[in-house]
Amino acid sequence: MSSTLDKLEQTLIPGMLHQRLPLVTTDLNKLEEKAKSILEPTAYNYVAGCAGERATMDANRLAFWQWKMIPRMLRPTTHRDLTVKLFGEIYGSGSDLKETGLAQVCSGIGVRSTASSSSIEEVAEANGNGPRWYQLYWPQDEEITKSLLKRAKEKGYKVLVVTLDTWALASRPADLDGAYVPCMEGIGNTTGFTDPVFRRKFEEKFNATTEEKLLGASNEWVGDVFSGAAHSWEDISHLKKHWDGPIVLKGIQVV
């Protein structure tokens, strides 16, 4: 059955025959408006907000709008194979569907990256036998970085994705006006708060656990991961010492 017929069966027929309308709009342009009506203002601003005057976001959207899908007629496209092989694994498509590490601000649920509301170990357990990649927000402290990579390797993460374009927190007017940055309140810091090296160093420095000094621990973690100090090409060699699998560098726009 084609995707169009599937949609007819799933939406139009229940609506026409049983007055059961979709719970979520099928109009993508209305989804943001719907989210704004449901979320707390601070949560919505964090998800929808942008740095500065939003000029970069507008430019990015304009760039994507320039890409067009060109239909090919009289081709055998009824059965389409979108699978792709990456680093020895077969994936259902070539698209990368990524989690949102600070989703807890919206729903109380967070998933896997260095900025996460679940630990490396919890995500691995939930993922079971599925392939998993670890997205690293790169700390300045090499010992902490080594510990994060060790934990990820031990729990079966095969590919390391290194985020290079987020080494400082952005100046986001909506967050600043609302005085709200979730990671400064402990949201999304589970990776650090469950890391034995970070916990040891914090306790040695402050004579307290991360649970006892949540705001202080948040400030310490954010200060290391988003320190404002950039890494260099030479620093990649340090990652290679502690990661023997594929390394993907994320966020490069100019070389």
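Reader: Which elements make a right-handed β-α-β unit?

Author: In this predicted model, the unit consists of β3, α7 and β4, and it is right-handed. Helix α7 covers residues 142-154 and packs on the sheet, where it touches both β3 and β4. The direction of α7 makes about 170° with that of β3.

Reader: How do the strands of a sheet pair, and in what order do the three strands stand here?

Author: As a general idea, strands of a sheet pair through backbone hydrogen bonds, and the pairing is either parallel or antiparallel. In this structure, three strands form an open sheet in the order β3-β4-β5, with parallel pairing. At the edges stand β3 (133-137) and β5 (247-250); each has a single partner strand, so one side of each is left without a neighbour in the sheet. On average, neighbouring strands are turned by 25° against each other, direction ignored.

Reader: How many bridges join β3 to β4, and how many join β4 to β5?

Author: Five bridges join β3 to β4, the strand of residues 159-163. Between β4 and β5 there are four bridges. Individual pairs may be followed in the model. Trp-133 has Val-159 of β4 as its bridge partner, and Leu-136 stands opposite Val-162 in β4. On the β5 side, Thr-163 stands opposite Lys-250.

Reader: Is β4 mostly covered or mostly exposed?

Author: The strand β4 is mostly covered, since five of its five residues are buried. For this reading, a residue counts as buried when its relative accessible area is under 20%. The side chains may then be sorted by direction. Val-159, Val-161 and Thr-163 point one way from β4, whereas Leu-160 and Val-162 point the other way; all are buried.

Reader: Which residue in the loop between α10 and α11 may be read in a like manner?

Author: That residue is Asn-207, in the loop between α10 (196-206) and α11 (214-225). Its phi is near 55°, a positive value in a residue other than glycine.

Reader: Why do Gln-19 and Asn-207 count as exposed?

Author: A residue is exposed when its relative accessible area is over 50%. Gln-19 counts as exposed because its relative accessibility is 61%. Asn-207 is exposed because its relative accessible area is 71%.

Key: Residues numbered from 1 in each chain as written. Predicted model: local features only at pLDDT ≥ 70, side-chain atom pairs only at ≥ 80, totals over all residues. Heavy atoms only, no water. Buried < 20%, exposed > 50% of the residue type's maximum accessible area, 1.4 Å probe, protein only. Helix = DSSP H or I, 4+ residues; strand = E, 2+ residues; numbered from the N terminus. Pairing = 2+ DSSP bridges. Axes fitted to C-alpha atoms, helices over the stretch in contact; angles between N-to-C directions. Contact = heavy atoms within 4.5 Å. Right-handed = clockwise from strand over helix to strand, strands pointing away.
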